[in-house]
Amino acid sequence: MLRFLIRRALGALVIIVLLIALTYFAFFSLPTDPARLACSKGCTPELLAQIRTNMHLNLPIYQQFWNYFSGLFVGQDFGTAGHCAAPCFGYSYNTQSFVWDRIVANYPATFVLAIGGAAIFLTVGVGLGMIAAWKQGKLADKAATAIGLVGQSTQIYFLGPLAMALFVVNLHWLPQPAYIPWTQDPWGCFTGMILPWTVMSVIFWSNYSRQVRSLMLEQLSEDHIRAARAKGMSNTYVWWRYALRGAMAPIITIFGLDLGAVFSGAIITEVTFGVHGLGYLAVIAVNQADLYLELGVLIFSSVSILLFNIIVDAAYGLLDPRVRIG
Amino acid sequence: MPALVAVSALTLTACGGGGTSKAGTTGAQASASVQNFLPGTAADSVGPAPAIPGAVTGGTAHDIENSGFDYLDPSQQYVNNQQEVGSLYSRSLTGYKTDPATGKVTLVGDLATDIGTTSDGGKTWTWHLKDGLKFQDGTPITSKDVKYAVERLYEDYQTQGPVYFQTWLSGANYRTTYKGPSSGTDLPDSVISTPDDKTVTFHFQAAHTDASYAASMSNITAIEKSKDDGAKYNAHPQSIGPYMISNYQAGKTLTLVKNPMWDPKTDPIRHQYVDSWVFDLGIDNQLMTQRLMAGQGDDKYAVSMALNADGPSIKTIESDPQYASRTMNKFLPFVDTYDINMTRVTDLNVRKALATAFPVANVQKINGGNATGEIAGNLVSPTVAGWKDTDPLGIKANPAGDPAKAKAILQAAGKLNTTIVYAYSNTPTGQQVATAVSDALTQAGFNVQAKPLDTTSYYTQVGKADNGFDLYRTGWAADWPMASTVIPPTLDGRLISDGGNNYSHYNNPAMNSEMDRIGQITDINTQDAQWMQLADKILATDIPQIPTYYDKYFNVYGAGLGGVGYNQVLGTIDLNSIFVKK
């Protein structure tokens with residue numbers, strides 16, 4: 001198992017290095033001039049030259065890349081802005097701050113959004129799928145399938161404003177969605193995140209309900225389930241002890257990958273509800289063409305996704321010995 | 001002697017404003033004859049600021065912004081909303097005082113006892129500081145702190161604020177003459193002298209008759225040397241205004257609380273009605289508009305300083321009477337233009353045909369209509385002293401454009417099928433405008449090649465001296481309400497460069513000389529009038545730009561706020577007069 005994990009981690013490391021190199025050179029080959037973007041209204045050639053020097057844009061591109069890459073591990077100096085300690089993801093000239101500081105400041109919102117959202121979409125998705133399988137062909141099955149279908153066809157940027165208009169503006173049931181650090185105000189954090197959690201989960205739960213339904217039905221037709229029933233075990237016991245357990249392995253895989261995606265920033269949800277997480281930071285970076293911020297968020301998100309991939313692989317390896325051998 | 005004798009009596013419009021339900025009905029034509037931007041006296045510069053009728057103290061006011069404040073360091077603030085938020089915790093040598101009864105705006109001394117004096121026609125300027133000025137830690141403010149604030153503008157990292165004082169003192173390459181206080185030296189007395197703790201004198205290289213106005217910019221302030229840690233100062237600027245920073249998370253939130261060291265008797269401009277200010281940063285434009293319209297919870301006490309309501313909501317706000325009493329619709333200092341690249345389009349007849357065919361009304365409509373921009377006849381905003389409602393190209397007379405007439409002009413000049421490379425920012429609005437412009441110009445007999453440019457690199461590309469395009473949109477705003485900050489920066493041919501602001505690459509030596517002459521006129525009233533005449537003369541003679549519309553601010557604010565005024569100079573909500581209704 002250890003060898004398996006080491007192999008996966010090394011593979012991920014190679015992917016990350018390639019990703020950093022490709023994205024760095026791709027960004028810096030764009031026609032966008034970061035110095036011009038950072039030069040304010042009264043921009044003069046002198047100011048432009050000064051900004052170019054400050055941003056080290058006068059250095060050859062390979063040297064700029066080396067400074068960036070080595071800075072990830074040993075840190076980097078940014079003149080009067082000071083020393084950027086490792087892991088140094090660069091300096092955002094638009095906001096006069098180190099990229100890592102921005103990521104660290106925004107990540108708690110993404111974390112809370114991901115945890116709450118994932119709890120809802122897993123619970124509701126699996127629950128709907130089980131109801132549909134339990135009541136196969138009946139009204140409850142059709143209703144659960146329909147709910148899942150509606151969820152899959154709905155977009156967050158449509159459902160979000162609608163939910164806010166209804167629950168915040170008209171009914172006054174909920175406060176304006178916002179991320180309030182749970183360490184400051186746990187109740188405020190909970191109420192402020194109810195809508196973002198719920199709306200984000202809608203697009204995920206349909207996938208789970210359909211998967212769980214079909215996997216459960218598949219499991220229920222397996223020989224070992226029939227054998228268990230033949231031995232006189234109760235339906236409920238067989239359902240929970242054997243069928244659900246057998247259906248869970250693929251669900252864990254999907255859940256792990258989805259977690260990786262939401263932990264790396266749920267862009268549309270964060271922008272729709274004004275939650276200042278990693279996805280929101282990505283949008284800001286793109287809008288402002290803040291290349292180092294873009295790069296930093298991209299690398300961080302990619303590492304998150306790769307990390308969850310490894311965790312999923314490990315979990316799958318634990319559940320299924322064939323994976324370890326392979 | 002007072003340096004500025006008189007600023008022209010500008011007939012500024014009472015466009016929109018709180019209580020107007022129909023935006024655009026109170027535009028440039030509907031005038032309220034308010035004399036604005038006149039230089040005030042020493043008596044006008046004495047605090048406290050005139051009380052706002054009905055104002056009460058207490059409560060928390062909120063502001064919702066689409067983006068974060070990139071710069072809190074007043075030395076680096078140039079964007080209008082940053083300057084406005086800066087005015088809550090920072091002050092300049094001079095500033096603008098608004099009479100709440102008449103709306104009249106007067107230039108007064110802010111840190112200084114008056115708007116400054118010059119003894120030699122504008123080359124040497126002296127300001128005296130008021131008594132009772134303190135930093136937030138209680139340290140008295142002296143003239144050395146003002147000198148230090150200007151000296152730090154020479155530091156390498158100072159790249160965002162205005163450069164007027166630096167270049168006036170030390171030339172365009174001012175950093176080559178002095179490296180800033182971190183170099184361990186001061187600027188010599190021959191450049192800035194501080195004969196005593198209350199007096200600071202600036203020795204410019206040439207006469208600058210509008211220095212009193214330039215001294216109102218955010219970076220002509222006082223900075224406490226012991227608190228300055230270079231670029232990092234941006235995160236914790238020390239207050240000298242009515243509020244000070246208590247919490248700041250870049251791009252997310254900013255909280256200001258009362259500064260106990262601020263003495264209202266020293267300040268003729270600002271109030272300290274609310275207990276605190278909370279700025280909610282980085283909120284999507286649509287969400288921001290919804291929140292302001294709904295006005296629930298804290299949003300009842302919220303404004304958005306400089307951002308317009310989102311397009312689809314504007315019609316609702318205009319048509320629903322419930323928003324009328326809390327809608328603000330005012331001119332911004334910006335004028336949108338379409339620049340003709342003079343180095344490529346050298347034939348005057350071709351430029352004339354472009355201006356004649358250009359579908360200004362359609363472009364204005366696509367960009368939001370009268371609520372967010374009023375059709376412009378010239379290059380100077382109505383918020384600028386000396387502005388006149390002129391129309392040298394006949395744009396206001398026929399805003400729809402006249403492709404048939406343009407075709408006749410081209411035909412007579414033998415220029416039919418002239419190729420025009422039209423560059424535009426590749427946004428949904430930009431695409432719609434491109435279609436409208438291409439259609440109109442094609443009808444006029446041009447061969448139009450529309451080139452979409454990436455939004456983030458748009459100004460990088462059109463800002464190149466050799467950009468390869470013939471026609472493209474730009475915009476410009478006055479830095480202070482005089483056209484001296486509009487005409488030379490955008491039309492002086494000696495400023496053509498990569499990354500410069502003369503986007504049309506207009507270079508007429510006769511006009512350049514005129515700019516030099518007008519800039520030396522000591523009577524500001526005359527100067528303002530002549531800038532306006534020159535702007536029209538340039539348009540009529542050479543047509544380097546096609547003015548399209550005067551930009552306007554349009555948004556709603558929370559019903560729980562009182563004293564919501566408008567800063568005409570910056571083009572933002574005036575935060576300094578706001579109070580929370582009881």
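User: Which residue stands opposite B:Pro39 in E6(B)?
Analyst: B:Leu107 does. This comes from a predicted model. Strand E6 of chain B covers residues 105-109.

User: What makes E3(B) and E6(B) a pair?
Analyst: Pairing takes at least two bridges found by DSSP. E3(B) and E6(B) are joined by two bridges, so they pair. The two strands run parallel.

User: Why are E3 and E5 of chain B called edge strands?
Analyst: Start with the order. Three strands of chain B form an open sheet, E3-E6-E5, with mixed pairing. Strand E3 (38-39) and strand E5 (94-98) of chain B each pair on one side only. That is what makes them edge strands.

User: How do you know whether the radius of gyration of chain B agrees with that of a compact globule?
Analyst: Set the value against the rule. The rule is 2.2 Å times the number of residues to the power 0.38. Chain B has 582 residues, so a compact globule would have a radius near 25 Å. Chain B has 24 Å, which agrees. Along the principal axes, the C-alpha atoms of chain B fill a box of roughly 70 × 55 × 40 Å.

User: What makes a residue of chain B count as buried, and what share of the chain is buried?
Analyst: The test is 20 or more other C-beta atoms within 10 Å of its own. In chain B, 58% of the 582 residues are buried.

User: What share of the contacts in chain B between residues at least 6 apart in sequence join residues at least 24 apart?
Analyst: The share is 76%. A contact here needs C-beta atoms within 7 Å.

User: How do you know which parts of chain A are its domains, and where they touch?
Analyst: The domain assignment of chain A gives domain 1 (2-98) and domain 2 (101-319). Their centres, over C-alpha atoms, are 33 Å apart. Domain 1 puts 22 residues in contact with 21 residues of domain 2. Helix H1 (2-28) of chain A gives the most to the domain 1 side, with 12 residues. By class, that side has 15 nonpolar, six polar and one charged residues.

User: How many residues does each of chains A and B give to their contact, and which element of chain A gives the largest share?
Analyst: Chain A gives 40 residues and chain B gives 42. On the chain A side, several helices give two or more residues, among them H3 (45-54) and H5 (99-134). H3(A) has the largest share, seven residues. The chain A side divides into 19 nonpolar, 16 polar and five charged residues.

Note on methods
Residues numbered from 1 in each chain as written. Chains lettered and ligands numbered in written order. Predicted model: local features only at pLDDT ≥ 70, side-chain atom pairs only at ≥ 80, totals over all residues. Contact = placed C-beta atoms within 7 Å. Helix = DSSP H or I, 4+ residues; strand = E, 2+ residues; numbered from the N terminus. Nonpolar A, V, L, I, M, F, W, Y, C, P; charged D, E, K, R; others polar. Domains from an automatic or database assignment. Buried ≥ 20, exposed ≤ 12 C-beta atoms within 10 Å, placed from the backbone.
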